[in-house]
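Subject: Handover of a structure, with notes on what was found

Dear colleague,

I am passing the structure below on to you, followed by my notes on it. Please read the notes with the sequence and the model open beside them.

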Amino acid sequence: GFRYVHMYMCVPLLLLHTASGFAVRAAAGRSAAAPLRAVAAQASEYQSLLGDAKAALIDACTVADMGRIAEFRPSVLEAIEQIEPLNPTPKPLEAPDLLTGCWRLIYTTSDSILGTTRPRPFRPRYKRILQSIDARQLAAKNEEWVLLGLLKNMVRARLTPRDDGRTVDVQFLRFGIGWLRIPAPAAAKGVLETTYLDDTLRVSRGDKGNLFVLVRDGPSRV
């Protein structure tokens with residue numbers, strides 16, 4: 001009698017309670033998933049922006065012929081200013097494994113590095129201006145090849161980090177011209193700030209206003 005009536009009344013109530021529980025949990029799940037989807041969308045948008053910015057910078061460097069065509073330097077500067085705010089490594093000195101490596105120069109505003117005023121045989125070979133960094137040993141080496149690649153010039157340097165995590169003082173130690181080695185004077189020094197760094201691309205600014213864009217070219221040669 002009453003026991004069965006009570007049971008039949010409870011079943012719909014139980015189902016209603018269960019359904020409402022599922023609804024609440026589903027709503028909570030949707031609520032929790034919404035921020036995750038937003039984060040995923042933002043990450044996807046960032047990667048898209050970064051990919052476009054990298055491609056635009058590399059193209060601009062190519063058009064400027066590593067910086068040799070001065071009229072295209074403003075386009076490279078604009079591309080650099082577009083990619084710097086997207087830097088995934090704000091403090092490169094705290095990512096020594098990422099910073100360490102051999103980096104090939106693809107653009108600079110330094111005419112002395114490009115060798116634009118040197119006699120043609122003594123200008124560096126295209127794609128053969130390298131900078132190696134060992135961020136753990138705080139050492140660096142720049143290399144270039146001239147005379148059709150028969151002669152290598154190089155300079156070794158010691159790096160002293162500053163507190164901002166992205167800037168180093170550079171003290172040059174020794175110059176090499178072919179087989180000749182010359183101690184660098186104490187006045188041979190500079191400052192270098194890395195304003196963008198990922199696993200394939202690095203952008204740096206020097207204390208004399210020069211810009212440098214480099215791509216990874218293998219392990220460090222220091």
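The structure holds zero disulfides, a disulfide being a pair of cysteine sulfur atoms within 2.5 Å. Before going further, please keep in mind that this is a predicted model, in which local features need pLDDT of at least 70 and side-chain atom pairs count only at pLDDT 80 or more, while totals for chains, interfaces and linings use all residues. Residues are numbered from 1 along each chain as its sequence is written, and side-chain values use heavy atoms, with hydrogens and water left out.

Cysteine 61 is buried at 2% relative accessibility, and cysteine 102 is buried at 1%.

Helices (H or I, at least four residues) and strands (E, at least two) are DSSP runs, numbered from the N terminus. Strand E9 covers residues 211-216, and because five of its six residues are buried, E9 is largely enclosed by the rest of the structure. Two strands are said to pair if DSSP finds at least two bridges between them. Strand E1 (residues 101-108) runs antiparallel to E9 and is joined to it by five bridges, with leucine 105 standing opposite leucine 214 of E9. Strand E8 (residues 201-206) is likewise antiparallel to E9, and five bridges join these two strands; here arginine 202 is the residue that stands opposite leucine 214. The hairpin of E8 and E9 has four residues between the strands, and within this hairpin glycine 209 takes a positive phi near 90 degrees.

Threonine 109 is found in the loop between E1 and helix H4 (111-114), and with a relative accessible area of 16% it is buried. A polar atom of the threonine 109 side chain lies 2.9 Å from the backbone nitrogen of leucine 211. If neighbours within four places in sequence are left aside, threonine 109 is in contact (heavy atoms within 4.5 Å) with Arg73, Gly209, Asn210 and Leu211.

Glutamine 131, in strand E2 (residues 129-134), is buried at 16% relative accessibility. Which side chains does glutamine 131 meet in a polar contact? Its side chain is joined to that of asparagine 142 by a polar contact of 3.2 Å, and to that of arginine 202 by one of 2.5 Å. A polar contact is a pair of N or O atoms within 3.5 Å; within protein, one must be able to donate a hydrogen and the other to accept it, and residues adjacent in sequence count only if both atoms are side-chain atoms. Leaving aside neighbours within four places in sequence, the residues in contact with glutamine 131 include Cys102, Trp103, Leu192 and Leu214.

Helix H2

In helix H2 (residues 73-83), the buried residues are Arg73, Val76, Ala79, Ile80 and Ile83. They cover an arc of only 120 degrees around the axis, which puts them on the same side of H2; the arc is that of the directions from the helix axis to the C-beta atoms. The exposed residues Pro74, Glu78 and Gln82 are carried by the face of H2 that is turned away from its buried side.

Salt bridges

A salt bridge is a side-chain nitrogen of Lys or Arg within 4 Å of a carboxyl oxygen of Asp or Glu, and by this rule the count comes to 14. One of them is formed by the side chains of arginine 104 and aspartate 217 (4.0 Å, N to O). Since arginine 104 lies in strand E1 and aspartate 217 in the segment after E9, the pair ties together parts that are 113 residues apart in sequence. Aspartate 217 is partly exposed, at a relative accessible area of 37%.

Another salt bridge links the side chains of aspartate 164 and arginine 166 (4.0 Å, N to O); aspartate 164 is partly exposed at 26%, and arginine 166 is partly exposed at 33%. The side chains of aspartate 207 and lysine 208 also meet in a salt bridge (3.8 Å, N to O), in which aspartate 207 is partly exposed at 47%, whereas lysine 208 is exposed at 64%. Finally, a network of salt bridges links Lys141, Glu143, Lys152 and Arg221.

With best wishes

Definitions and conventions:
Buried means under 20% relative accessible area, exposed over 50%, partly exposed in between (1.4 Å probe, protein chains only).
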